[in-house]
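The tour moves from one stop to the next.

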Amino acid sequence: MIRPGGASLRKIAVVGRGTAGSLAAASVTRLHPDPDHELHHIYDSRIPVIGVGEGSWPSLVQEIQRLTELPHETIQQRLQGTRKYGVAFEGWGRRGRDFTHYFTPQQVSYAYHLSADLLADLLHEGTRARHIDAKVLDIVRVDGGARVEFEGMAPERYDLVFDARGFPRELSSEEHIDISFIPTDTAVIRRCPAIVEEGQGPVLQHTYTRAVARPHGWVFVIPLVAHTSYGYIFNREVSGLDEVEADFDAFLESDGVTEFEQRAVIRFPNFVHRQMYDGAVARIGNAAAFMEPLEATAIVSAQIQIGMVLETRLGRPVEHLERDAPAVNRFLVKNVLRYGLFVGWHYSCGSGYDSEFWRYARDRAWPRHRAGADPEAVDCSALDEFDGMMGLLKQPVIDKDDWDRMCAVPLTSYAQMSQGLGC
């Protein structure tokens, strides 16, 4: 296949071995038309991949099959995964009721619940790359590409670098958009016994990610074959770790869980990098943006970031790069901001708890969304598009021409959440 941009991508680096980095390395291997390209997959083996159970979107089912060329059943078993048909919300919204946000078409479209470390291992098997175990000190854009600087090694120049090193050390208003209208910033992760029975073949039963409202935030429950992943998501400025741990214990007891392994306490920023892609460096995954995992946006965001950058670089002559890069970057920033507005909106309707956290989420965090996503401040139309979706939901009848409207997620998702939350 002739790809106009293939000749300008002779040497590519992927920095990071987590989900985003592994997807990027596998995607370069699969999509690059010239088998003689040089791919370096760079990671520091001293930094472990935390094996957190993760949810995903239906797009990942097809993506992994395309990248590995393995049958769907084999992939699911290798990931110790189950089939996720949506998110089951418990105690959310103005009525504090239970409801499910289904993938569309309902009960047909499914994603995976998976183990993140196993996904990385599976993708590595089909990746053709030189693996470099080293600490990266910096990634610097240079004329015609980018330079990766190492600890104890000479620097290397690349035509394109995917930066998947995870959260930035600190946020700055010049480089990052603060999306603290999402009111959480810490996760306590526990691994508990499996609640899904493993058979001879892949688990075919319908499973759902549970999102359970609690006084200090909410708890996710992700059922895998080998174990069940639980996580308590909260705000460390509003609730202390001790009281969160105590409520987590009470929740597990009510869930019939008598033992667990404490995996991690993870602090995270809710942010979007203003410069995800500059033509030579593509920030992906948690290096590009992050928001808490309520709607499982992390993996699908990485898929979009990797796919857009590679398709643009391979499909367009290098002469267009200076003009293409700002357009791609603007789209990627807008896409994540739209996810952020969708997730933040969930909290604005409260829950069955009239607690300090839920009052903070409704009265202090969510009102920041108009300033946080102001079009002039973020150079994109995410807020206008979100307002448009809210306007559609208020109409007594939605015209057929609007049925396919999207703002990060389709109108059907907004409608399901609006009905469930009572907003």
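Helices (H or I, at least four residues) and strands (E, at least two) are DSSP runs, numbered from the N terminus. This is a predicted model: local features need pLDDT of at least 70, side-chain atom pairs count only at pLDDT 80 or more, and totals for chains, interfaces and linings use all residues. Residues are numbered from 1 along each chain as its sequence is written, and side-chain values use heavy atoms, without hydrogens and water.

**Stop 1: the largest cavity**

A cavity is a set of points on a 1 Å grid over the protein atoms alone where a 1.4 Å probe fits but cannot get out; lining residues have an atom within 4 Å of a point. Grid points are joined across faces, edges and corners, and a volume is the space filled by probe spheres set on the points. The model has three cavities of 30 Å³ or more. The largest cavity holds about 100 Å³.

Select Gly285, Asn286, Ala289, Phe290, Met291, Thr297, Ala298, Ser301, Ala302, Gln305 and Val336; these line the largest cavity. Two elements, β20 (289–290) and α6 (297–315), each give two or more residues to this lining. Which element gives the largest share? Helix α6 does, with five residues.

Now colour by class. Ala, Val, Leu, Ile, Met, Phe, Trp, Tyr, Cys and Pro count as nonpolar; Asp, Glu, Lys and Arg as charged; the others, Gly among them, as polar. The lining has six nonpolar, five polar and no charged residues.

**Stop 2: the sheet with β20**

Strands pair if DSSP finds at least two bridges between them. Select β12, β18 and β20: these three strands form an open antiparallel sheet in the order β12-β18-β20. Pick Asp178; its bridge partner in β18 is Phe271.

**Stop 3: strand β13**

Select 186–192. Buried means under 20% relative accessible area (1.4 Å probe, protein chains only). Six of the seven residues of β13 are buried, so this strand is largely enclosed by the rest of the structure. Antiparallel to β13 runs β16 (228–234), joined by seven bridges. Ile189 has Gly231 as its bridge partner in β16. Strand β17 (261–267) also pairs antiparallel with β13, over six bridges. There, Arg191 stands opposite Glu261.

**Stop 4: helix α11**

Select 382–393. The buried residues are Ala382, Leu383, Phe386, Met389, Met390 and Leu392. With contact taken as heavy atoms within 4.5 Å, they pack against elements including α7 (321–348) and α12 (411–421).

Methods: 1 Å grid on protein atoms, 1.4 Å probe; cavity = no way out; pocket = protein on both sides within 12 Å on 5 of 7 lines; lining within 4 Å. Buried < 20%, exposed > 50% of the residue type's maximum accessible area, 1.4 Å probe, protein only.
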